[in-house]
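The sequence and the structure are shown first.

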Amino acid sequence: MELAYKPEKSMINVNGLIKDFGKTRVINGIDATVSAGEVVVLIGASGSGKSTFLRCLNGLETLTAGEILIDSVPLENKSSSLKQIRRQVGMVFQQFNLFPHLTVLENIIEAPIHVLKQEKVNAIQVAEELLSKVGLYDKRDNYPATLSGGQGQRVAIARALAMHPKIMLFDEPTSALDPELVGEVLTVMKQLAEDGMTMVVVTHEMAFAREVADRVIFIDEGRIVEEGLPVQIFGNPQEKRTKAFLSRLNH
Amino acid sequence: MNLDFSIILKYLPYLLQAAGLTIELAVLGIAFGILIGLVAALLKISHTPLRFVAHFYIWLIRGTPLLVQLFLIYFGLPQLGITLSAFASSVLGLGINSGAYLAEVFRGGIEAIPVGQTEASSSLGMGKFLTMRRIIFPQALRIALPSLGNQFIISLKDSSLCSVITMSELLQTSQRFASVTFAPMEFYTAAAVLYLLMTTVLSAVLSSFEWRLSKENRTRGC
């Protein structure tokens, strides 16, 4: 118990989360809390349920049981609640999922204009600032097909940020990238963490987890096996399964 | 051989006028078909019981000949107290018929869009309708366009069947002149050439539309 630790405002509360796909139990009872401004990295083998867990956090997967509170508001499986929650929770996907028929700028202003009902000039101004921030201002009129993977993913991050989310979720954001393009995306994410964004990141980039994460959670078979500071998890893992996973990574 | 194509010149204004009616039937029929087709496609991919209505409609219309459908509308419906003019019957028949095929074309286009697109737009707080209108449909249209064009051309030519429910469109007009002048070869050739002209223009319009819609794949800005 760290009594000196000042209790922070919690952004995400997960209680007894269970998720089944048909007869397969993918999430098997997860409780977790993420504080405002915290960067949490989820690690685990593929099929461990970490991506599914992430997708539950913005309602892309319906919950079988349990509850999720986003900034104290319960996530309910009805469209008005989902829309409300999703405006506050940005999501970045492994495959970017940019809209191919829209330019970079149009990708970013789409939701601010049509969901938040922002004036187009204001939306464009915000989009241009975000593009400058991710270093892609000169690509504003390009179509996604003309971008490299790293550029595409940075646009996807800018697109999510344009909604001014309170939380950003990253689902293996660098897994589809050529190795030499991973760095530029991680740099943007690191900057975001430094700016105080609440982030939950599923990744295999252990160097990123070590450097940027406030907390690392190891998930296996749909449960949290171990969690702690990066130095604890990577330097001195307690659980057998955590050790086995980490040693497999180092080979 | 006693072919004399110069006879066509005398009747050309009437043929062109009839071709105008053919265009009118085709345009209205296709427009109606697009409307029905869109609704049927959306119903068919929906998870509501209404999808069975769409299934039934497509099954029924694709499984029966257009000519029979036109007869049922124009000659059959009056027995039930619903009397439609030949023009209204034609547009209705062409619309209902092409709608069944267009429904499948639209459905194919919509289902070809990766689920990630919907997930991305949902994650941005966009609702189902907004996602369909702004994200899915514009992309589906690009995929469906060649097949849509195909169906438009088929419907244009199918409008010739309306001749048998008393529409004085291009084929019926040619038929009338052919029998009074005893020059069937000349008039049916003229009709064929005019149909070919119309379908060629339609193809060209569709191609240019396709070219414009594919701009995001051509602009290589870097």
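In this predicted model, M185(B) lies in helix α8 of chain B, which spans residues 184-213. Together with L3(B) and F5(B), M185(B) makes a nonpolar surface patch of about 290 Å².

**Extent of the interface**

Between them, chain A and chain B bury about 2,200 Å², with 60% of this area on carbon and sulfur atoms. In chain A, the residues that lose the most area to chain B are F99(A), H101(A) and Y143(A), which together account for 26% of what that side buries. The contact involves 27 residues of chain A and 25 residues of chain B.

**Polar and charged pairs**

| Interaction between chain A and chain B | Count |
|---|---|
| Salt bridges | 2 salt bridges |
| Polar contacts, both residues at pLDDT 80 or more | 7 residue pairs |

A salt bridge joins R55(A) to E119(B), and the closest N and O atoms of this pair are 2.6 Å apart.

**Composition of the chain A side**

Four elements of chain A each supply at least two residues of the side that touches chain B: the helices α2 (79-88), α3 (104-114) and α5 (149-161), and the strand β6 (89-92). By class, this side of chain A has 14 nonpolar, 6 polar and 7 charged residues.

Terms used. Residues numbered from 1 in each chain as written. Chains lettered and ligands numbered in written order. Predicted model: local features only at pLDDT ≥ 70, side-chain atom pairs only at ≥ 80, totals over all residues. Heavy atoms only, no water. Patch = residues over 30% accessible without salt bridge, like charges linked within 9 Å, V, L, I, M, F, W, Y side chains within 5 Å. Areas by Shrake-Rupley, 256 points an atom, 1.4 Å probe, with all protein chains shown as cover. Salt bridge = Lys/Arg side-chain N within 4 Å of Asp/Glu carboxyl O. Contact = heavy atoms within 4.5 Å. Buried area = accessible area lost by both parts, 1.4 Å probe. Polar contact = N/O pair within 3.5 Å; in protein donor to acceptor, adjacent residues only side chain to side chain. Nonpolar A, V, L, I, M, F, W, Y, C, P; charged D, E, K, R; others polar.
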